[in-house]
Amino acid sequence: AQAVLRALDRLDPANEGVARLGMRLDHAAADSAALHRRYRRLSDQLQREFGATPTEPTRTLFQQLTRTP
């Protein structure tokens, strides 16, 4: 799954659906650093390409996954 995800991310680094899937996989693997890197890369790419920030569903997922229990 990770190889497919990396390929999709290379094809369209601003694709939020791909980023959200990756964030879920990072979270399932208990890889908080990777989750944060993925979100930062997406945010940076969206800013560069569109002058935008991640959409509400992406921001909400990030907050949910990074919330300390």
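**Salt bridges in a predicted model**

What we have on the screen is a predicted model, so please take every value I quote as computed from its atoms. The side chain of Arg59 meets that of Glu56 in a salt bridge, with 2.5 Å from N to O, and Glu56, at 44% relative accessibility, is likewise classed as partly exposed. Because they sit 3 residues apart in helix H4, which covers residues 56-66, Glu56 and Arg59 are separated by about one helical turn.

How many salt bridges does a search of the whole structure find? The answer is 3, and I will take the remaining pairs in turn.

In helix H3, Asp44 forms a salt bridge with Arg40, where the closest N and O atoms are 3.5 Å apart; these residues are 4 positions apart in that helix, which is about one turn. Asp44 is partly exposed, with a relative accessible area of 32%, and Arg40 is partly exposed as well, at 48%.

That leaves Arg38, which forms a salt bridge with Asp26, the closest N and O atoms being 2.7 Å apart.

Definitions and conventions: Residues numbered from 1 in each chain as written. Predicted model: local features only at pLDDT ≥ 70, side-chain atom pairs only at ≥ 80, totals over all residues. Heavy atoms only, no water. Salt bridge = Lys/Arg side-chain N within 4 Å of Asp/Glu carboxyl O. Helix = DSSP H or I, 4+ residues; strand = E, 2+ residues; numbered from the N terminus. Buried < 20%, exposed > 50% of the residue type's maximum accessible area, 1.4 Å probe, protein only.
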